[in-house]
Amino acid sequence: MTYSFFIILLISIIIFTVYQLSNRVKKLENEVSDLKQKIADSKSVPLIEKDESVIPQTPRLQSDEVPTVLKEKTTVIPSETKIITPEHNRLAPVTQFIQQNILTIIGIFTLVLGIGYFLKYAIDKNWIGETTRVFIGISLGALIAVTGHFLRKNYPVFSSIITGGGISILYLSATIAFREYHLLSQNTAFIFVCLITLISIALSYYYKSEILIIFSLIGGFLAPLMISTGQSNYPFLFTYLMVLNAGMLIIAFLKQWKSIGWIAFLFTYIYLFYWTFNKTEILNIYFYLISYVIFYAFALQDYIKKNTFSAMSILMIIGVNLLSIIGLTYIFNKLQYEPLALFPALFTILNVFLLLREQGKDNKGINYSVFASISVSLFTIAVALQFKTHLITTVWAVEATLLLFIWKKTQTDIFKKCFNILFPLVIIAQIITWSGYITSDTLAVILNPVFLTSIITIITVLINLYLIKQSSEERRSEGNFLENIFILSSYGIIYAALLFEIIYHISEKPFAVILCIGFLFSIYYIGILILLKKKLNIHPEMATGLTYLFLLLLIAHILGSGMIMAIIKNQISPKFYYTYLLYIIPFLLVYREILLEKTVFLKTKAAHWASYLTLVIIVSVEFYHVYILINKPEIPDLYSYQNHFNILYLPIIWCIMASLYIYAGLKKNIPELSKIGFVLIGIMILKLYVYDVWQMDNISRIIAFTLLGVILLLSSFLFQRLKNIIRKMVDNKEEKVTSEAAEPEQNTLK
């Protein structure tokens with residue numbers, strides 16, 4: 001036992017020596033670096049870039065003039081000078097601390113492990129009893145903490161880590177004495193652990209060591225878990241936590257230690273949510289309100305002292321409001337208390353009071369924007385919750401918009417990063433909310449919890465899109481991938497929210513009607529996005545993808561809606577066919593947009609083929625629909641009518657369209673359009689000679705071949721005539737160019 005103790009002591013001495021030597025080497029390196037910097041500063045100009053394109057003109061001096069520079073010693077900064085400011089790295093202090101103290105951290109961790117292994121080995125060998133084991137652990141922890149105390153003047157960081165390690169051993173010893181050996185009762189163990197926490201906090205304050213108080217605070221929050229017996233005594237637990245948080249708040253105000261506030265915030269709300277979901281009772285509310293006051297006061301300390309906000313303070317305010325509203329509203333909803341908007345309204349009043357305080361000031365800066373945005377967000381949540389919207393989805397959607405707005409005002413990247421994390425969670429929460437359409441049978445039109453939640457999400461999404469659109473031209477020109485994904489997801493949320501509400505309320509209609517309405521809504525929605533793509537800040541590549549999707553929806557609508565079959569089976573009225581034809585309006589508007597070359601869609605060959613073949617399909621299918629509706633065949637006769645249309649009328653339609661395509665392609669010099677026309681003619685001729693001719697009677701053959709021959713001859717004639725016209729135009733142009741080139745020579749000869 002003594003031998004092992006001396007080994008541990010020797011390891012501690014070695015670690016201390018290595019740390020001392022590393023500090024000396026580091027000190028020498030810093031001195032050398034400072035000397036090099038001074039030499040460099042004396043030989044060069046500081047970090048200033050001059051615009052060399054502007055060279056100031058120096059006036060000439062007479063021989064007896066003294067330069068003005070020698071008369072007065074002035075410092076002039078030219079207007080073209082650019083000051084380079086180094087970029088601030090938020091993680092630099094943490095990285096630097098780890099790099100400088102890595103040996104110390106590893107050393108104290110290894111020492112704690114060594115003591116643990118030593119105790120385990122001694123226990124396995126039955127060298128020491130249970131009481132002795134705990135006594136050794138407490139003694140070693142106290143010894144290490146005292147060692148850190150004596151090193152605090154010359155080695156403050158090292159001593160803080162050493163003392164923190166000693167405190168950790170004390171916590172571990174108390175836990176083992178209670179849980180494993182039952183040497184202490186729960187009350188005694190709790191008092192002992194609280195005593196360790198108080199001593200460590202007092203030492204932290206005395207040493208002015210933020211590192212040590214972090215150790216102390218983590219130990220203080222883990223203390224209830226160390227002495228827990230599985231029996232829940234929540235009032236006692238949270239009374240202890242509130243006292244601990246109050247002490248944290250006082251120290252944070254006195255020492256300006258922001259890290260301890262965030263540690264206390266995370267631990268407190270983890271405990272609160274566990275209690276809330278495990279045992280919901282009215283007592284929870286009081287501790288939520290006390291925590292709200294403590295952490296809101298912590299977030300306002302910069303505002304109180306300096307009349308300003310740091311980024312982390314704003315995040316704390318958002319987090320406190322968000323988590324408190326979720327917990328308190330959940331309690332009210334679970335216990336069936338009213339009104340649900342009570343606490344969001346109270347929090348709104350508090351923030352409005354601070355907003356009015358800023359309103360009286362002449363200079364309305366970030367503080368005014370923060371309080372205004374938080375007040376509006378809380379008021380929105382209060383109204384939404386009063387209408388029974390879904391809690392998590394509503395709060396997350398509003399808070400995501402709040403984060404984006406504050407990022408827009410402050411240009412602090414941490415708010416944009418938090419928004420990027422929260423917005424996918426909003427989408428997931430909204431998808432879960434939409435499952436209410438499946439589980440609910442009697443939802444009112446529009447005024448139902450699911451769609452009201454969707455309305456809140458849609459409003460926040462539209463505000464988000466507006467804020468993104470208002471970002472600088474430079475950012476928008478970059479085509480940021482994440483922003484494009486966000487824009488696409490936002491329009492997807494709006495589309496799904498409206499579509500699900502429509503489908504739910506027509507779900508008792510025949511399937512053909514549901515399918516037709518769904519396709520019509522999708523076609524109109526995508527068509528509006530295409531037509532308003534510039535105003536909606538849609539990237540050109542995204543607009544191209546939407547156009548392909550629009551064409552695909554058109555084809556799916558006319559081929560897959562099953563409208564004609566439902567009319568023949570008398571499932572729906574023939575008048576509903578006019579509703580089905582409403583797709584023609586967005587179809588014509590989007591095609592006008594495409595053909596007038598207001599989009600970049602027709603820049604590729606695939607786009608030409610997709611757009612013009614879609615037109616062929618639409619014309620062919622709609623003629624077929626009209627043919628069937630005019631004849632109104634019975635179900636057994638439907639196949640013969642379809643076969644008759646495909647054999648007789650379809651080749652004629654294709655031949656006419658092919659001729660028009662070839663003519664338009666030659667006239668407007670669009671080669672792909674002419675190719676599409678020739679391909680259609682080839683398919684039609686191949687179909688006629690390979691399949692149709694064997695299915696026709698004699699009269700149909702005569703009609704089909706005669707009409708086909710006439711159309712092909714007319715097409716050939718038009719093609720040759722247009723070709724001659726184009727040739728004459730080219731010849732006239734060449735003659736004009738030649739005459740214009742010869743005219744200067746004739747003038748020269750004259």
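Gly665 touches Ile670, Leu673 and Ser674, where a touch means heavy atoms within 4.5 Å and residues up to four places away in sequence are not counted. This glycine lies in helix 27, which spans residues 638–667, helices being DSSP runs of H or I with at least four residues, and strands runs of E with at least two, numbered from the N terminus. Because its relative accessibility is 3%, Gly665 counts as buried, a term that means under 20% relative accessible area with a 1.4 Å probe and protein chains only, against over 50% for exposed and in between for partly exposed. Gly665 and Ile676, eleven residues apart in sequence, are 9.2 Å apart in space from C-alpha to C-alpha.

The model is predicted, so that local features need pLDDT of at least 70 and side-chain atom pairs count only at pLDDT 80 or more, while totals for chains, interfaces and linings use all residues. Residues are numbered from 1 along each chain as its sequence is written, and side-chain values use heavy atoms, with hydrogens and water left out.

Elsewhere, helix 13 and helix 14 pack at an angle of about 155°, with their axes 8 Å apart; axes are lines fitted to C-alpha atoms over the stretch in contact, and angles between N-to-C directions run from 0 to 180 degrees.

| Helix | Residues |
|---|---|
| Helix 13 | 342–359 |
| Helix 14 | 366–386 |

The two helices are therefore roughly antiparallel to each other, the word used for angles over 145 degrees, with under 35 as roughly parallel, 65 to 115 as roughly perpendicular and the rest as oblique.

In the protein as a whole there are 29 helices and two strands, and 41% of the 750 residues count as buried.
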